[in-house]
Amino acid sequence: MSYIIKKHKFLKNLDKIKETCHYNEYDMPTLLKDYPLKDLTAELKIEYDWELDNFLKVFPEFSDIAIDLNENQKEIVTYGGNKFLSIEAGPSAGKTRVLIEKVNYMVNELGVDPKSLLIVTFSTKAADELRERLSEGDLLKSDVQKMHISTIHSFCEKILEENGHVGLNIISDDAGEKNLLFIGKHMEELGFVKECYMSSSNIKYIANKYK
């Protein structure tokens, strides 16, 4: 458990939080009372997160002022280094949630221009889900609309079209994506040693035969 305070939501509700704590004779959590806190020791982080966790359980109406992540997820969301950040994560690791919170953090907390954000996925379904969840979350819908959220195929096709390569037969976003991934992973086992061309029907046939 590691909380990230949502600055805009917290400041908007600060007076109400103070009134609620005063009325109920409840000590305001240190993370809120002394916001923003930096360079905390591991022991203090645990203690202050515990305080805030109890506060949000007692007063759930303020649950949207902070997000609860594990330490690895928090590090990803708040990362602001000048090197590329590459993350490996398996199924059910919370990839989509972390990506959404990363975008929220960049726009709402760091003031990053939404138009500068490129968010690419492999499937249309994933791109649509991201767009929907971002629109329903802490961001303005107008900000989400400014972002480029699409599949890697659509993004590459757009670049090609902008550079005069029009009318190319681009692989559809979802059709056969699992088959393509399967063949790419088992190229040698399937007997492919050099570059080759396969039609969509052949890709499906080969993948189904060897799965």
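Mentor: What follows is a set of questions and answers on salt bridges and on one helix.

Mentor: This is a predicted model, in which local features need pLDDT of at least 70 and side-chain atom pairs count only at pLDDT 80 or more, while totals for chains, interfaces and linings use all residues. Residues are numbered from 1 along each chain as its sequence is written, and side-chain values use heavy atoms, with hydrogens and water left out.

Trainee: How many salt bridges are there?

Mentor: A salt bridge is taken here as a side-chain nitrogen of Lys or Arg within 4 Å of a carboxyl oxygen of Asp or Glu. Under this rule, the count is eight.

Trainee: Which residue forms a salt bridge with Lys 6?

Mentor: The closest N and O atoms of this pair are 2.5 Å apart. Lys 6 lies in the loop between strand S1 (2-5) and helix H1 (7-23) and its partner in the loop between helix H6 (124-135) and helix H7 (141-146), so the pair ties together parts that are 132 residues apart in sequence; helices (H or I, at least four residues) and strands (E, at least two) are DSSP runs, numbered from the N terminus. Lys 6 is also part of a network of salt bridges that links Lys 6, Lys 9, Asp 64 and Asp 138. The partner of Lys 6 in the 2.5 Å pair is Asp 138.

Trainee: Is Lys 6 buried or exposed?

Mentor: Buried means under 20% relative accessible area, exposed over 50%, and partly exposed in between (1.4 Å probe, protein chains only). With a relative accessibility of 11%, Lys 6 counts as buried.

Trainee: In which helix do Glu 129 and Arg 133 both lie?

Mentor: Their side chains meet in a salt bridge at 3.1 Å, N to O, and the two residues are four apart, about one turn of the helix. An α-helix has 3.6 residues a turn, so residues three or four places apart point the same way. Glu 129 is partly exposed at 34%, and both residues belong to helix H6.

Trainee: Which residues of helix H4 are buried?

Mentor: Helix H4 covers residues 71-78, and its buried residues are Gln 73, Lys 74 and Val 77. They span an arc of only 100 degrees around the axis (taken from the directions from the helix axis to the C-beta atoms), which puts them on the same side of H4. On the other side of H4, Asn 72 and Glu 75 are exposed, so by the under 20% criterion the buried set is Gln 73, Lys 74 and Val 77.
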